[in-house]
Amino acid sequence: MRLGSGFFQASSRPSRDLGVLLARQLAGCGPLRVLDLMAGCGIRALRYGQESQAEAVWANDADPDRLALLQANLAPLRLRLPTPLRVSTLTAQKLLADCLIREERFELVDLDAFGCPSALLPLALNAVSFGGVLYVASSDGRSPTGHDRPAAIRLLGAAARAHPASWELALRLQLGVIARTAWAMGRGLEPLLSFSEGRTFRTAVRLRRRPAEAEERQLGMAAYCHRCGDQQVQPLISLRAWAPCCGADRPLAVSGPLWIGPLQHGPTLTARAPADPSLGREATRLLARLADDEGLPARCWPTAEIGKRLGGGPPALAALLSALRGDGWSASASALMPAQVRTDAPWPVVLGVAEALNR
């Protein structure tokens, strides 16, 4: 594998590993055709072809100067794929529009975008076969985390405010855009995995022929009180006034519309061979964390914030989770950001349990 001028980040190996995992699972259900829209140096496309039993791989990058590099790096696939390998240097819009005209679809579409991919989502979803997967990334870290509110309106059609679980907020906003796009097409979706590498937000969704019953209830709004730290979540379909918090003179910071449903699909995360050769150590650890945190409810607090609110140090996460569960509440460690507790316990209860632990 030559890197040349092709884009490559060694730190993104876990995301490539999980892409291969998705491809291997899809290949076990029938023919697998893979479209890598922004292939860079081609390492993703090469791995899809070599490690997932794909029948066809199409690697594309908009930079024509990378054509020779892509062809050289992907040459091994020409000998093993049942159908010819395709390599192209088209813009993603042009390639996807052509697929739409020809009604060509793929079981896995990998859209590893630079910036926000919202503009490509309608065409990208049209290129996914029913039951297939769209694996999408966004490197836009400012607009979905509340650091560029006008850009969030333009790119996501949503409000994004500063939030203690900022990476999760970004993923939920991204899923919200994907869901609204799929629903407008009469389709449904199911999130399979969602995670962040800090600056890049990655989600994989399965495309359904039609929305599941009450699927629209998974779109909602999230509110955060900067004064007391409380969080509230409401489905958009039944949106009402927010519950009184700590004073009408300090309005809540409201974000959305965003996805308030599950972020991970347990069977997808656990259905793998015990010694899957496609998974590195980091990806294996990441999968374990994701499998332990479905993403419900859509409320997370950092233990550091809890400690700050109490005027002391952060409570031990494991002890806090155990105490909340012992009192009958659901509680888990967030898989998306370190040292964050996800729970359905009311905020005063969380603070009270943490205060008792800190005594």
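I began with helix 10 (residues 303–310), whose buried residues are T303, E305, I306 and G307. Buried here means under 20% relative accessible area, exposed over 50%, and partly exposed in between (1.4 Å probe, protein chains only). Helices (H or I, at least four residues) and strands (E, at least two) are DSSP runs, numbered from the N terminus.

The model is predicted: local features need pLDDT of at least 70, side-chain atom pairs count only at pLDDT 80 or more, and totals for chains, interfaces and linings use all residues. Residues are numbered from 1 along each chain as its sequence is written, and side-chain values use heavy atoms, with hydrogens and water left out.

I then asked what covers the buried residues of helix 10. The cover includes strand 8 (219–224), strand 11 (300–302), helix 11 (317–326), strand 13 (340–343) and helix 12 (347–358). Contact means heavy atoms within 4.5 Å. Just after helix 10, I noted G311, which takes a positive phi of about 80 degrees.

Next I looked up S129, which lies in strand 5 (residues 128–138). Is S129 buried or exposed? Its relative accessibility is 10%, so S129 counts as buried. Neighbours within four places in sequence aside, S129 is in contact with R105, F106, E107 and L207. With E107, S129 also makes a side-chain polar contact of 3.4 Å. A polar contact is a pair of N or O atoms within 3.5 Å; within protein, one must be able to donate a hydrogen and the other to accept it, and residues adjacent in sequence count only if both atoms are side-chain atoms.

I moved on to T268 in helix 8 (residues 266–270). T268 counts as buried because its relative accessibility is 4%. Not counting residues up to four places away in sequence, I found T268 touching L21, L22, Q25, L192 and R206. Q25 is 243 residues away from T268 along the chain, yet their C-alpha atoms are separated by 8.0 Å.

Last, I checked the whole protein. I counted 12 helices and 13 strands. The radius of gyration is 21 Å, close to the 21 Å of the globule rule for 359 residues, so the protein is as compact as a globular protein of that length. That radius is taken over C-alpha atoms, and the rule is 2.2 Å times the number of residues to the power 0.38. Of the 359 residues, 53% count as buried. Among contacts between residues at least 6 apart in sequence, 69% join residues at least 24 apart.
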